Amino acid sequence: GLVGANAIYVLSESGLLSVKLQDGSQNWAFSRSGNPFGPLLLLPDERVLIGFGGMVYVVSSTGSESASFTCPDCTSAILVGNVVALVNMQQSEPYNTVVSAYSSTDFQQLWQQAIPQSAGCSRSDTLSLAPADNTEIYI
């Protein structure tokens with residue numbers, strides 16, 4: 001789970017739960033069709049990224065959907081400045097690994113870059129992202 005200013009966000013079998021830090025009562029629940037999966041990323045304004053069945057949803061601090069986009073095999077996400085970067089490792093042919101970047105304000109895609117398999121990664125490796133600073137990421 002993730003801890004925000006006033007809530008804990010927990011991924012369950014049925015979806016994403018927001019639970020109040022003060023007393024443990026449920027703020028809201030968010031669910032869509034398909035199995036829930038990461039990336040689970042908390043943004044500074046308490047929006048949360050959560051995946052369901054090949055889609056990533058941006059859930060507002062009140063539990064409503066504010067944006068969504070396709071990312072069928074997302075494995076990790078990171079916030080760098082005002083950019084959310086996600087790794088999508090395809091689980092079927094042609095087994096491409098793609099890093100995509102989205103604006104954290106409106107979630108419009110900024111760019112995407114295929115990572116060649118010759119970059120030293122095997123299919124069993126999990127790529128992760130790390131911030132270099134507020135303008136670059138390491139893959």
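**Exercise 1.** Classify D45 as buried, partly exposed or exposed, and examine its salt bridge.

*Solution.* The relative accessible area of D45 is 42%, so D45 is partly exposed (buried means under 20% relative accessible area, exposed over 50%, partly exposed in between, with a 1.4 Å probe and protein chains only). This is a predicted model, in which local features need pLDDT of at least 70 and side-chain atom pairs count only at pLDDT 80 or more, while totals for chains, interfaces and linings use all residues. Residues are numbered from 1 along each chain as its sequence is written, and side-chain values use heavy atoms, without hydrogens and water. Next, the partner: D45 forms a salt bridge with R47, with the closest N and O atoms 2.8 Å apart (a side-chain nitrogen of Lys or Arg within 4 Å of a carboxyl oxygen of Asp or Glu). R47 has 14% relative accessibility and therefore counts as buried.

**Exercise 2.** Find which residue forms a salt bridge with E65, and locate both residues.

*Solution.* The whole structure contains two salt bridges. In one of them E65 pairs with R32, at 2.9 Å between the closest N and O atoms. E65 lies in strand β8 (residues 65-70) and R32 in the loop between β4 (26-30) and β5 (36-42), so the pair ties together parts 33 residues apart in sequence. (Strands are DSSP runs of E, at least two residues, numbered from the N terminus.) E65, at 35% relative accessibility, counts as partly exposed; R32, at 31%, also counts as partly exposed.

**Exercise 3.** Give the strand order of the open sheet of four strands.

*Solution.* The order is β9-β10-β11-β12, with antiparallel pairing (strands pair if DSSP finds at least two bridges between them). β9 (74-80) and β12 (109-115) each have a single partner strand, so one side of each is left without a neighbour in the sheet.
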